[in-house]
Amino acid sequence: MSKFWSPAVHELTPYIPGEQPRERLVKLNTNENPYPPAPGVEKVLSGYSIDHLRLYPDPESLALRHALAKEHGVEVGQVFVGNGSDEVLALAFQAFFRQAAPLSMPAITYSFYPVYCRLYDIAYRTLALDDEWQVPLEAFDVHSGGIVFANPNAPTGHGHGRDAITRLLERVTECVVLIDEAYVDFGGESAIPLVAQYPNLLVTGTFSKSRSLAGVRLGYAIGSRELIEGLERVKNSFNSYPIDSLASAVGIAALEDREHFDACREKVITTRERTRRRLTNLGFEVLPSQANFILVRHPEHDAAQLFVGLRERGILVRHFNTEALRDFLRISIGTDDEMDSLIEALETLVG
Ligand code: PMP
């Protein structure tokens with residue numbers, strides 16, 4: 001506690017995103033990609049001229065924004081980049097959601113959204129998920145100060161298709177609809193093609209999951225020029241984009257390798273479905289997922305105890321200590337070998 005802190009800072013408890021293993025563990029707790037980034041990334045790193053580091057990066061991050069614009073079929077003025085999508089989301093909350101009416105979000109979604117609300121003094125309302133653990137898009141209030149959700153949602157893994165998103169955007173026109181697509185590449189359907197039609201739609205994405213680049217911190221937003229200008233107004237760091245030259249070069253190399261991208265995400269999807277079947281056979285309920293993780297619970301076994309049992313066997317998964325999710329474990333999809341170790345450990349714990 002400090003008398004110098006803003007009131008909202010007193011209420012914040014530091015978020016520890018996931019235990020960083022010191023021993024050799026099977027790490028299935030923070031939804032990283034188990035496969036390496038595209039081979040071109042290694043080439044960029046080994047051939048990188050040290051002299052680039054002496055100079056400031058391009059203040060407009062044009063090369064990276066061009067590469068993203070090309071990838072998503074939009075113009076460069078419709079692309080914003082930041083240090084991970086967490087930073088982009090933080091800027092979006094500041095730019096668009098400090099409104100008279102409260103922001104709306106699902107009651108179960110990415111845990112950072114309420115944190116940003118408290119930090120930036122944004123009032124918010126939550127919407128219960130439906131019986132199938134899906135975000136009930138039709139229940140979002142058109143008079144909200146903004147709408148935010150992850151699609152596919154986290155940590156449930158369910159994603160709505162573009163038609164459902166279109167119906168939402170036809171109805172909600174007076175506030176920003178922010179769709180966080182951190183996990184979309186694992187079987188979801190992106191809303192990016194809709195930004196041309198709906199000036200209030202902002203879609204965020206990340207290089208941390210499907211591009212295997214969580215370590216460099218690269219995220220982006222795609223939307224109308226009007227929304228990108230809003231984000232540009234609130235970003236700081238000497239009025240320039242915050243991306244360093246090295247991250248930019250690495251991100252571009254990752255975008256250039258479509259074959260590697262497709263191969264890795266297909267492997268993750270295949271492993272996810274295989275894991276889903278095997279856990280179902282062990283008596284788990286596994287929520288259908290379009291992401292690189294699954295949310296599971298066992299009717300007879302306490303999730304907190306399973307978490308500890310797995311930890312003792314060198315396997316890290318995620319257990320949320322919230323009322324709604326207490327019965328569940330969230331398991332990131334690793335390699336087939338890692339998932340075999342998981343299943344083996346669970347066989348002894350629930351068998
Ligand atoms: N959105 C969601 C739903 C997430 O789960 C995460 C990662 N935990 C992020 C955004 C942030 O990802 P990053 O900052 O690595 O881009």
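Residues are numbered from 1 along each chain as its sequence is written. In this predicted model, local features need pLDDT of at least 70 and side-chain atom pairs count only at pLDDT 80 or more, while totals for chains, interfaces and linings use all residues.

The protein chain contains eleven helices and twelve strands. Both are DSSP runs numbered from the N terminus: helices are H or I with at least four residues, strands are E with at least two. The radius of gyration is 20 Å, close to the 20 Å given by the globule rule for 351 residues, so the chain is as compact as a globular protein of that length. That radius is taken over C-alpha atoms, and the rule is 2.2 Å times the number of residues to the power 0.38. Along the principal axes, the C-alpha atoms fill a box of roughly 55 × 50 × 50 Å.

Helix α8 (residues 245–256) packs against helix α2 (residues 39–46) at an angle of about 150°. Their axes lie 7 Å apart. Axes are lines fitted to C-alpha atoms, for helices over the stretch in contact, and angles run from 0 to 180 degrees between N-to-C directions. The angle makes α2 roughly antiparallel to α8. Angles under 35 degrees count as roughly parallel, over 145 as roughly antiparallel, 65 to 115 as roughly perpendicular and the rest as oblique. The crossing of α2 and α8 is right-handed. A crossing is left-handed if the near helix is turned anticlockwise from the far one by less than a right angle, and right-handed if clockwise. From α2, the contact draws on Gly40, Val41, Lys43, Val44 and Leu45; from α8, on Ala249, Val250, Ala253, Ala254 and Glu256. Residues are in contact if their C-beta atoms, placed from the backbone, lie within 7 Å. Seven of these residues are nonpolar, one is polar and two are charged. Here Ala, Val, Leu, Ile, Met, Phe, Trp, Tyr, Cys and Pro count as nonpolar, Asp, Glu, Lys and Arg as charged, and the others, Gly among them, as polar.

Helix α3 (residues 62–72) also packs with α8, at about 20° and with axes 9 Å apart. This makes α3 roughly parallel to α8. Their crossing is left-handed. Ala63, Leu64, Ala67, Leu68 and Glu71 of α3 meet Ser248, Gly251, Ile252 and Leu255 of α8. The contact has six nonpolar, two polar and one charged residues. In the loop between α2 and α3 sits serine 61. Serine 61 has a positive phi of about 45°, although it is not a glycine.

Leu91, Ala92, Gln94, Ala95 and Phe96 of α4 meet Gly230, Leu231, Arg233 and Val234 of α7.

Two cis peptide bonds complete the description. One runs from asparagine 151 to proline 152, with omega near -5°. Another joins alanine 154 and proline 155, with omega about 5°.

Conventions: Contact = placed C-beta atoms within 7 Å.
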